[in-house]
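Here is a structure to read through step by step, in the form of questions and answers. Please look it over before going on.

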Amino acid sequence: MMKKALIFGITGQDGSYLAEFLLKKKYKVHGVKRKSSSLNTDRVDHIYEENNKNFFLHYGDLTDAISVNRLVNIIKPDEIYNLAAQSHVAVSFVIPNYTANVDALGCLNILEAIKSLGLDKKVKFYQAGTSEMFGKVLESPQTEKTPFYPRSPYGVSKVFSHWMTINYRESYKMFACNGILFNHESPRRGETFVTRKITIGLAKIKLGLQKKLILGNIYAKRDWGHAKDYVEAQWLILQQKKPDDFVIATGKQYSVKHFINIVAKELNMKITWRGKGINEKAYDANNNIIIECNRKYFRPSEVQTLLGNPTKAKKILKWKPKISVSELAKEMIQNDLRILSHNDKKK
Ligand code: NAP
Ligand code: G4F
């Protein structure tokens, strides 16, 4: 019998890679998409185009407990991956209530559906936790034992889901697990997250389509991996004998400024930095300002540094990241140059 997976958030970066990964593993993959006035299935359209008979999309919304219940009931999956979220940290300060509805109560809607349908001994559940839960970090690097100190409505909502997942595991013996994933990127990354904003922005400047890129805090440090590596970890977490929680990270950290330098080098753009703090700017070979900072892209409370320790995942899951930050940046740039040069929307 083929295993059935249900992915909330299938139209997102991770959802699309996870769907491809599970199809290769011979799963039947069901995904939940939201009704939208314009197309929102770009990242999974190629799976449809391959006419995959094991791939199904259903309308639903995580904030609508009835639709969640209905989908879990009709599909009766072996594994549920909750990747759905309002996932932008800065936006969560603007719409905190909505963010909590999706990112905190949404997870609870799935856990309750599994329990109330009597599927608690059948379904394995994965919750997409985040390094943002460590926020104003209390130790470095961060492990599964590091206390949380979230710094945004997004981080706080994810802490709720983390503990709800543990609570359902302990109370009802459900196979419910948390991945605590550090930043992971790809050519499919949303265009307002910093890595993609940089790869597209500098590619546009290189092609003469844009003059300047405006960013926020370029001194923030992140532990960046590739989404393809990280969805494998999500699957591995559900294949263990015991449900548990795992930090998934590379163990290496770079500043946003360092990431810009990698991208500029890859694009053969010579840039020079001048100035300090918010006034630091990057200049091109003709002395034109091509990057500057603006406070409007700062968050009301910043997360200055995140660095994960993936020792437990390496030991128990036998997982390790395969793609380096330079390889990641290169793949993103090549994709953006291709899209911009050919007006090709395929990712
Ligand atoms: P993403 O690209 O923003 O995708 C989010 C997905 O959630 C999209 O498919 C989106 O649908 C869907 N969604 C949003 N609100 C929903 C709702 N109310 N009901 C149903 N679906 C909804 O995020 P990602 O980067 O793939 O991340 C996947 C998950 O991992 C998220 O939960 C994120 O918080 C978490 N995470 C991400 C990272 C990272 O660095 N990428 C790190 C740690 C944790 P639309 O396409 O319709 O918007
Ligand atoms: O790319 P970012 O927006 O990612 P952030 O805030 O770290 O959140 C991402 O990773 C989390 C895992 O830790 C996920 F849970 C979450 O869903 C999301 O995927 O920003 C990275 C850093 C931040 O410090 C931000 O302040 O880059 C800084 N930054 C500087 N200029 C900017 C910009 N971020 C954005 N989005 N846009 C800027 O112009």
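Q: Which residue forms a salt bridge with Lys212?
A: In this predicted model, the closest N and O atoms of the salt bridge that Lys212 makes are 3.5 Å apart. The pair links distant parts of the chain, since Lys212 sits in the loop between H7 and strand S8 (213–215), while its partner belongs to strand S15 (residues 289–293), 80 residues apart. The partner of Lys212 in this salt bridge is Glu292.

Q: Is Glu292 buried or exposed?
A: A residue is called buried when its relative accessible area is under 20%, and exposed when that area is over 50%. Lys212, at 35% relative accessibility, counts as partly exposed. Glu292 has a relative accessibility of 19%, and therefore it counts as buried.

Q: How many salt bridges does the structure hold?
A: Side chains of opposite charge can pair when their charged atoms come close. The pair of Lys212 and Glu292 is one such salt bridge, and the side chains of Glu20 and Arg188 meet in another, at 2.7 Å from N to O. The number of salt bridges in the structure is 13.

Q: Where does Arg188, the salt-bridge partner of Glu20, lie in the chain?
A: The side chains of Glu20 and Arg188 meet in a salt bridge, and this pair links distant parts of the chain, 168 residues apart. Both of these residues are buried. Glu20 belongs to helix H1 (residues 13–24), whereas Arg188 lies in the loop between strand S7 (184–185) and helix H7 (194–206).

Q: Which helix holds both Lys115 and Glu112?
A: Lys115 forms a salt bridge with Glu112, and the closest N and O atoms are 3.1 Å apart. Lys115 counts as partly exposed because its relative accessibility is 29%, and Glu112 counts as partly exposed because its relative accessibility is 30%. The two residues are 3 residues apart, about one turn of the helix, and the helix that holds both is H5 (residues 96–116).

Q: How much of the area that ligand 2 exposes when taken alone does the protein bury?
A: Polar atoms of the protein approach ligand 2 at several places: an oxygen atom of the ligand is 2.8 Å from a polar backbone atom of Val194, and a nitrogen atom of the ligand is 2.8 Å from a backbone N or O atom of Gly216. An N or O atom in the side chain of Glu302 also lies 3.2 Å from an oxygen atom of ligand 2. Taken alone, ligand 2 exposes 710 Å², and the share of this that the protein buries is 96%.

Q: How many of the residues in the shell around ligand 2 are charged?
A: There are 24 residues around ligand 2, and those that come nearest are Ser87, Thr130, Ser131, Tyr154 and Arg299. The shell divides into 10 nonpolar residues and 8 polar ones, while the number of charged residues is 6.

Q: Which backbone oxygen does the side chain of Ser157 reach?
A: Ser157 has its place in helix H6, and it counts as buried because its relative accessible area is 5%. Leaving aside neighbours within four places in sequence, Ser157 is in contact with Thr99, Ala100, Asp103 and Ala104. At a distance of 2.7 Å, the side chain of Ser157 reaches the backbone oxygen of Pro153.

Q: Which residue, with a positive phi, follows H9?
A: Helix H9 (residues 256–266) has as its buried residues Val256, Phe259, Ile260, Ile262, Val263 and Ala264. Among the elements that cover these buried residues are H7, S8, S15 and H11. The residue that follows H9 has a phi near 60 degrees, and it is Asn268.

Q: What is the phi of Lys318, about which it can be said that it is not a glycine?
A: Most residues other than glycine have a negative phi, and most peptide bonds are trans. Lys318 lies in the loop between helix H10 (311–317) and helix H11 (325–342), and it counts as exposed because its relative accessibility is 68%. Although Lys318 is not a glycine, its phi is positive, at about 55 degrees.

Notes
Residues are numbered from 1 along each chain as its sequence is written. Chains are lettered from A and ligands numbered from 1 in the order in which they are written. This is a predicted model: local features need pLDDT of at least 70, side-chain atom pairs count only at pLDDT 80 or more; totals for chains, interfaces and linings use all residues. Side-chain values use heavy atoms; hydrogens and water are left out. A residue is near a molecule or strand if one of its heavy atoms lies within 4 Å of it. A polar contact is a pair of N or O atoms within 3.5 Å; within protein, one must be able to donate a hydrogen and the other to accept it, and residues adjacent in sequence count only if both atoms are side-chain atoms. Accessible areas come from the Shrake-Rupley method with a 1.4 Å probe; for residues, only the protein chains shown count as cover. Ala, Val, Leu, Ile, Met, Phe, Trp, Tyr, Cys and Pro count as nonpolar, Asp, Glu, Lys and Arg as charged, and the others, Gly among them, as polar. A salt bridge is a side-chain nitrogen of Lys or Arg within 4 Å of a carboxyl oxygen of Asp or Glu. Helices (H or I, at least four residues) and strands (E, at least two) are DSSP runs, numbered from the N terminus. Buried means under 20% relative accessible area, exposed over 50%, partly exposed in between (1.4 Å probe, protein chains only). Contact means heavy atoms within 4.5 Å.
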